[in-house]
Amino acid sequence: MGSGVRVNMENPLMPLDYQLLFESIPGNYLVLAPDFTIVGASDAYLAVTLTQREQIIGRGLFEVFPDNPDDPTAEGVEKLSASLHRVLAFRRPDAMAIQKYDIPLPEAEGGRFVERYWSPVNAPVFGPDGKIRYLIHRVEDVTTQWRLEQLGAEQARELERLNRALEQRALDLEASNTELQASQHDLLVAKDAAEAANRAKSEFLSRMSHELRTPLNVILGFGQILQLDPMDPEQEEAVDHILKAGRHLLDLIDEILNISRIESGRLQLSMEPVHLNEVITEVVELVRPLANQRGITLHAETADWQVCVHADRQRLKQVLLNLLSNGLKYNSEHGSLTVSCADHGQTIRLLVTDTGPGITREGQSRLFKPFDRLGAEATEVEGTGLGLSLSKRLTEAMGGTIGVQSRVGHGSTFWVELPRAQVESAPAPLPAVRIVRPTTKASRHKVLYIEDNLANIAVVERVFARRPHIELIPALQGQVGLDLAREHRPALIFLDLHLPDMPGFDVLQALKEHPATVAIPVVVASADATPAQISRLLAAGAANYLTKPLDIRELLATVDELDKADDPQ
Ligand code: ADP
C-alpha cells in the first residue's frame with residue numbers, strides 16, 4: 001500500500017490519507033496478497049498479535065503465524081488456509097468458526113505461544129480488472145468470551161452432573177423410602193405380635209390367678225374351720241402355717257392379677273374427686289391396730305384438709321394402704337409413721353414418712369420392680385415384693401406419680417402425687433355395705449347357696465354344720481337356684497357370680513323381679529371384688545358382698561344377723 005494523502009482540514013472533500021486511516025482503524029485487519037503475503041496490517045492487529053509492522057510486512061502469513069508446535073491438536077493454519085482458498089475460489093467472503101490460533105511471543109519475551117481464540121472473516125478485494133487483488137483478513141480476539149463460554153459450558157456440565165446426581169439421590173431416596181416403609185410395616189407387624197403376646201400373657205396370668213383361687217378357697221376355708229375348734233398347740237401351729245402360707249399365696253395371686261389387669265388394659269378405674277381427709281382417715285384407722293401391736297406411733301397431719309384429688313377411691317386406698325403397711329413393716333422399734341400432704345398447685349402430694357432403716361441409693365433404683373424385696377426375703381418381715389410395683393402401676397393408671405426420698409439410718413418418705421380436683425364436685429362416699437333384714441320368718445332356717453363349685457359348697461356346708469338350725473340348700477346352676485328360691489323361700493341366698501348356665505348378675509335380677517323372692521336378701525360371694533362390680537351388684541339389689549376366699553367368721557356373722565333380725569327388740 002502506497003502512502004496516502006494528508007487530510008486537508010480546510011476542505012474535507014480533499015483526498016484522504018487512506019493508509020493512515022486504515023492503519024488506525026479500531027479493528028484487527030490484515031491485508032494479504034493473493035499468495036498470502038502480508039501487505040498491510042492495522043495497528044490494532046499488530047497490538048493483539050504482538051507484532052511490529054516492519055517484522056511482518058512482505059512475509060508469508062503462515063511463516064509469521066505458524067501453528068503452535070507444542071499443541072498437537074493445532075489446526076489454525078490448515079483452517080485459515082482452507083478459508084483463504086475458498087475466498088479465492090468462490091470470490092466471496094468466508095466467515096470462519098472460532099479458531100484456536102496461538103500467538104508466538106517475540107523472541108525477546110521467550111518466544112512461547114500464547115493461547116488465543118479468534119473469530120476470523122476473510123474477504124476478497126477486487127481490482128478494476130475484476131481479479132482478486134487483495135484478501136482482507138479480519139479477526140476478533142474472542143479469547144475472553146471463549147473462556148467464559150467454556151467456563152459456562154463447564155459450569156453447565158457441572159450443573160448437569162449435579163442434576164443427574166440429585167436425580168439419582170431422589171431415586172435412591174425413593175428406594176430407601178420404600179424399604180423404610182417395608183421395615184416400618186415389619187415393625188408394626190412385630191409390635192402387634194408382641195402386643196398380642198403380651199395380652200396373651202396377661203390373659204393367661206389372669207385366668208391362672210382365677211383358677212388358683214378356687215383350690216385356695218378350699219385350703220383357707222377348711223383351715224379356718226379347723227381353727228374354730230380347740231386344738232392342741234402342735235395342731236394349732238400347723239393350721240397357722242397352712243393359713244399363713246395360703247394367705248401369702250392369695251396376696252401373690254391378687255397382686256399378679258391386678259398387675260396383669262393393668263397391663264392388659266382391663267383395669268377399670270372409676271375416676272372421681274376423692275376427699276383426701278376421708279381416704280386418709282380410713283386407711284389410717286385400718287392400720288392402727290397393726291401400729292399399736294408394733295408400738296409405732298401413727299400421725300395423720302391431714303385432719304383439716306378439705307382438698308380433693310382426682311383418683312379412683314378404692315385404688316388410691318390400696319396404694320396408701322400399701323405405703324402405710326410398708327412404713328409399719330420396715331420401721332424401727334417404737335418408731336413413728338406420719339401421713340402428710342403437700343400442696344403443689346395443680347397437684348397434691350401425699351407423703352408417708354417412716355423412721356425405719358432407710359433405703360440406699362442402689363436399693364432405691366430397684367424399688368418398684370416386681371419381686372425385688374431388697375434382701376427383706378432373708379428377714380422375718382413378710383411380703384410378696386409386689387406391693388410397690390403394683391402401687392406404681394395403679395398410681396400411673398390414675399395419672400399420678402409415685403416416688404421415694406430416703407436417707408440410710410433416718411427413714412424414708414414415700415410419696416404419691418395426684419391431680420387436684422374441685423372440692424365442690426366430690427360426691428358422697430359410697431354407702432356402707434348393708435344387710436337387708438328378712439321380712440319373712442317363714443323359712444328362716446333355710447339358706448340357699450347357688451354355687452357350681454363342689455369344694456366351695458363343702459366348705460360352706462361345714463361352716464353351717466355349726467349352726468344346726470340352718471338348713472343349707474345347694475344349687476349348682478342359676479336356673480335351679482331360681483326354682484329352689486321360689487319353692488323354698490329361703491331366709492338368705494348366697495350367690496356365686498360364675499355359674500355354668502347364666503351369669504350370677506342375671507340370677508340376682510330375676511330374684512329381685514319375682515314377687516316370691518324380691519324380699520329375700522342376696523349375699524354375693526365372688527372372687528371378683530372390683531369396686532365397679534361391687535357397686536353394680538349393690539345397685540341391682542344385693543344385700544352384701546363377700547369376697548372369696550370366704551372369711552369364715554364373716555360368713556358366720558352374716559348368717560347370725562338373721563337370728564338377730566328375729567329377736568324381738
Ligand atoms: P414387700 O413389702 O411385699 O416386700 P414392696 O413392693 O411393698 O414388697 O416393697 C419392696 C421392698 O422395698 C421391700 O421388700 C423392702 O425391702 C423395701 N421397702 C419398701 N418400703 C420400705 C420402707 N418404708 N422402708 C424401707 N424399705 C422399704
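This is a predicted model: local features need pLDDT of at least 70, side-chain atom pairs count only at pLDDT 80 or more; totals for chains, interfaces and linings use all residues.
**View 1. Helices H8 and H9 pack with a crossing angle of roughly 25 degrees.** H8 spans residues 276–294, and H9 spans residues 313–329. Their axes come within 10 Å. Angles under 35 degrees count as roughly parallel, so H8 is roughly parallel to H9. H8 passes H9 in a right-handed crossing. On the H8 side, the contact is made by Glu278, Val279, Ile280, Glu282, Val283, Val284, Leu286, Val287, Leu290, Ala291 and Arg294. H9 contributes Arg313, Leu316, Lys317, Leu320, Leu321, Leu324, Leu328 and Lys329. By class, this contact of H8 with H9 holds 13 nonpolar and six charged residues, with no polar ones.

**View 2. The ligand is surrounded by 19 residues.** The closest are Tyr330, Asp354, Arg373, Thr384 and Leu388. A polar side-chain atom of Tyr330 sits 2.8 Å from an oxygen atom of the ligand. Leu388 uses its backbone: a polar atom there is 2.7 Å from a ligand oxygen. Lys329 takes part through its side chain, where an N or O atom lies 3.0 Å from an oxygen atom of the ligand. Lys329 also belongs to the H9 side of the contact with H8.

**View 3. Helices H7 and H11 cross at roughly 30 degrees.** H7 covers residues 233–263 and H11 covers residues 387–397. The two axes come within 10 Å. The angle makes H7 roughly parallel to H11. Their crossing is left-handed. From H7, the contact takes in Glu255, Asn258, Ile259, Ile262 and Glu263. From H11, Gly387, Ser389, Leu390, Arg393 and Leu394 take part. The classes in this contact of H7 with H11 are four nonpolar, three polar and three charged residues. Leu388, one of the closest residues to the ligand, falls within the H11 range of 387–397.

**View 4. Helices H13 and H14 meet at roughly 20 degrees.** H13 runs over residues 478–488, and H14 over residues 504–513. Their axes come within 10 Å. At this angle, H13 is roughly parallel to H14. H13 passes H14 in a right-handed crossing. Gly478, Leu482, Ala485 and Arg486 form the H13 side of the contact. Val507, Ala510 and Leu511 form the H14 side. Five of the residues in the contact of H13 with H14 are nonpolar, one is polar and one is charged.

How values were computed: Residues are numbered from 1 along each chain as its sequence is written. Side-chain values use heavy atoms; hydrogens and water are left out. Axes are lines fitted to C-alpha atoms, for helices over the stretch in contact, and angles run from 0 to 180 degrees between N-to-C directions. Helices (H or I, at least four residues) and strands (E, at least two) are DSSP runs, numbered from the N terminus. Angles under 35 degrees count as roughly parallel, over 145 as roughly antiparallel, 65 to 115 as roughly perpendicular and the rest as oblique. A crossing is left-handed if the near helix is turned anticlockwise from the far one by less than a right angle, and right-handed if clockwise. Contact means heavy atoms within 4.5 Å. Ala, Val, Leu, Ile, Met, Phe, Trp, Tyr, Cys and Pro count as nonpolar, Asp, Glu, Lys and Arg as charged, and the others, Gly among them, as polar. A residue is near a molecule or strand if one of its heavy atoms lies within 4 Å of it. A polar contact is a pair of N or O atoms within 3.5 Å; within protein, one must be able to donate a hydrogen and the other to accept it, and residues adjacent in sequence count only if both atoms are side-chain atoms.
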